[in-house]
Amino acid sequence: MSYFSIKELFENEINEIWRSFSKIEICQRGYALQDEILKSAIMFIGINPSFNLKTDKNGCSFYNVNQEGKSHNYFNKFKEIAKSCNQSWTHFDLLFFRETNQKYIIELLNNPEGVNFIFQQLIISKKIIERAKPKVLIISNTMARQFMGFDKNIKLKKGVWMGFDFAFDDIRGTHKIINHIELENTPVFFTSMLTGQRALDKGSFERLKWHVKMVLEKSIKN
């Protein structure tokens, strides 16, 4: 397995974002990112790390997730999907600031400084996804899907944050990335949340596992 370090490659750029937007109150909490990203794996895309006002402390950090051993319950479904496909997995949040309530992202989008703050993080996130070259992308967050560019409307100039283009693949039965040198034809699953109160029901989750495995097997044969 081959990894690369976000801390090693992008820490200076991320620190510069936090310095440039220090007037945004949430920057005082710092940021949190997974450090080591596994290449050529199933990549799960989230939106941003959470923050518990009662227990979490301010500060910037890089963390790593145990692929197979004990880790936060949030990652259990990722492990289950990867195990059913006999593949390794990795996880990455598109935004780095720490906040549990996603409504705060909408608040940021209502002012130019907040928009730029988000956009600067997404520039780095795109570089990380490209470097990871995932076998499959699984995006289980509506806002993450929008930032990736799935809901873009050219006339209204909305939803083009990261510039990815998607097309539905009739053979594999899911979307794929198009018009992109590094990630051309990468299968993409846009799905509901995998954990929490609004998570996929058991039947839908089983179908997702089967579908991801089928797509990976087809890719290997081709």
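Author: Happy to! The lining of the largest pocket divides into 10 nonpolar, 12 polar and 5 charged residues (Ala, Val, Leu, Ile, Met, Phe, Trp, Tyr, Cys and Pro count as nonpolar, Asp, Glu, Lys and Arg as charged, the others, Gly among them, as polar). This is a predicted model, where local features need pLDDT of at least 70 and side-chain atom pairs 80 or more, while totals for chains, interfaces and linings use all residues. Residues are numbered from 1 along each chain as its sequence is written, and side-chain values use heavy atoms, leaving out hydrogens and water.

The largest pocket holds about 830 Å³ of space (on a 1 Å grid over the protein atoms alone, an open set of points where a 1.4 Å probe fits, with protein on both sides within 12 Å along at least five of seven lines; lining residues have an atom within 4 Å of a point). Its lining has 27 residues, and N48, P49, S50, Y74 and D93 are the closest to the pocket's centre. At least two lining residues come from each of β4 (42-46) and β6 (89-93) (strands are DSSP E runs of at least two residues, helices H or I runs of at least four).

Turning to another element, strand β8 (residues 165-169) pairs antiparallel with strand β9 (residues 174-178) over 5 bridges (pairing needs at least two DSSP bridges). Within that pair, D165 is opposite I178 in β9. The two strands form a hairpin with 4 residues between them, and G173 in the turn has a positive phi of about 75 degrees.

Conventions
Points joined across faces, edges and corners; volume = space filled by probe spheres on them.
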